[in-house]
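Subject: Structure handover and notes

Dear colleague,

I am passing on the structure below, and I would be grateful if you could look it over before reading my notes. The notes come after it.

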Amino acid sequence: MDQEMSYGSDYKFIPATSIESGHGIEVLPDLYCYTVQIVNFCLVGNPETNDFVLVDAGMPKSADAIISVTEERFGANSRPKAIVLTHGHFDHVGGLIELIEHWKVPVYAHELELPFLTGKMSYPEPDPTVEGGMVAKMSRFFPNEPIFLGNNIHPLPSDGTVPHMPDFKWIHTPGHAPGHISLFREKDRALIAGDAFVTVKQEYLYKVFTQEQEISGPPRYLTTDWDAAKESVMKLEALKPTVAITGHGVPMSGERLATSLKKLVNEFDQIAVPDYGKYVN
Ligand SMILES: [Zn+2]
Ligand SMILES: [Zn+2]
């Protein structure tokens, strides 16, 4: 018997938005990035085919928006072959249960994220005291309890392949979350980074609202292992991506991405790591 899926008891709509909310960008012909409030999800696949995957599942209560964006791009009643999660934070699984119920597709995540997706373990509490602005302070209201997906969630294959994304490999990029992954395609060096690094200062409400493009480490209020987070950014920089879609902020590409990533690696302690907060030192 299938078990009933459920969100954590602290699951709720979060009233925060940005000027990009409701907009999509075709980063490459088969790579589409769409913003729901303050987070991005991706549709990976050529819109002339019916072969595509959804990466991440938006903010709480965003399933209807994700379905309509998907149908707009791939046609009425289209459904992805699978949903792949970069990690299980509330803003990346917000519409997930309704999407699974509607599409009846499998979901994949790194095995170290599974406790947070099967009701076994809560994420550490967000840190509203961390160095940062209003979004950091609001983070005390962010859900951190696990969702329960029952047998709808599967571990990613251990060989680095990604189901239904034949050209992509998953790369373990922990720090922001233990089982955080990024997705990389060698042939054109396209990167879906998740929250391993982002292109907006996500802790500041004004910067989130305007989506001013600026390289940044992972969102501070939910990042608990800064040493691992730094290693993950180094790993991604070494891949020399030509374009990056991040979990938050506008996609970045070309020379701007190369120099920004180099700077983030070289100045990680100044740019990324907060001066104070309960998960530093
Ligand atoms: Zn996150
Ligand atoms: Zn996020």
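This is a predicted model: local features need pLDDT of at least 70, side-chain atom pairs count only at pLDDT 80 or more; totals for chains, interfaces and linings use all residues.

Residues are numbered from 1 along each chain as its sequence is written, and chains are lettered from A and ligands numbered from 1 in the order in which they are written.

The sheets

Helices (H or I, at least four residues) and strands (E, at least two) are DSSP runs numbered from the N terminus, and two strands are said to pair if DSSP finds at least two bridges between them. On that basis, 7 strands make up an open sheet with mixed pairing, in the order β1-β2-β3-β4-β5-β6-β7. Its edges are β1 (24-28) and β7 (153-155), each of which pairs on one side only. Within it, β2 (residues 31-36) and β3 (residues 39-44) run antiparallel to each other and share 6 bridges, with Leu-31 having Val-44 of β3 as its bridge partner.

Strand β10 (residues 190-194) pairs with β11 in the parallel sense over 4 bridges, and Gly-194 has Thr-246 in β11 as its bridge partner.

Below, a residue is called buried if 20 or more other C-beta atoms lie within 10 Å of its own, exposed if 12 or fewer do, and partly exposed in between, with C-beta atoms placed from the backbone.

Helix α1 (residues 63-74) has 12 residues and reaches 16 Å from its first C-alpha to its last, close to the 16 Å expected at 1.5 Å a residue, where the expected span is 1.5 Å times one less than the number of residues. Its buried residues are Ala-63, Ile-66, Val-69, Thr-70 and Phe-74. Seen down the axis of α1, these fall within an arc of 130° and so line one face of the helix, the arc being that of the directions from the helix axis to the C-beta atoms. Exposed Asp-64 and Ser-68 are carried on the face turned away from that buried side, and α1 is followed by Gly-75, whose phi is positive, near 105°.

Helix α7 (residues 254-266) buries Leu-257, Ser-260, Leu-261 and Leu-264. These buried residues lie within an arc of 100° when seen down the axis of α7, so they line one face of the helix. They pack against α6 (226-238), β11 (243-246), β12 (252-253) and α8 (268-271), contact meaning that the C-beta atoms of two residues, placed from the backbone, lie within 7 Å. On the face turned away from the buried side are the exposed residues Glu-255, Thr-259 and Asn-266.

Two loop residues

Gln-37, in the loop between β2 and β3, has a positive phi near 55° although it is a residue other than glycine, and it counts as buried, with 22 C-beta neighbours inside 10 Å. Asp-56, which is found in the loop between β4 (53-55) and α1, is likewise not a glycine and has a positive phi of about 70°; Asp-56 is buried, with 28 other C-beta atoms within 10 Å.
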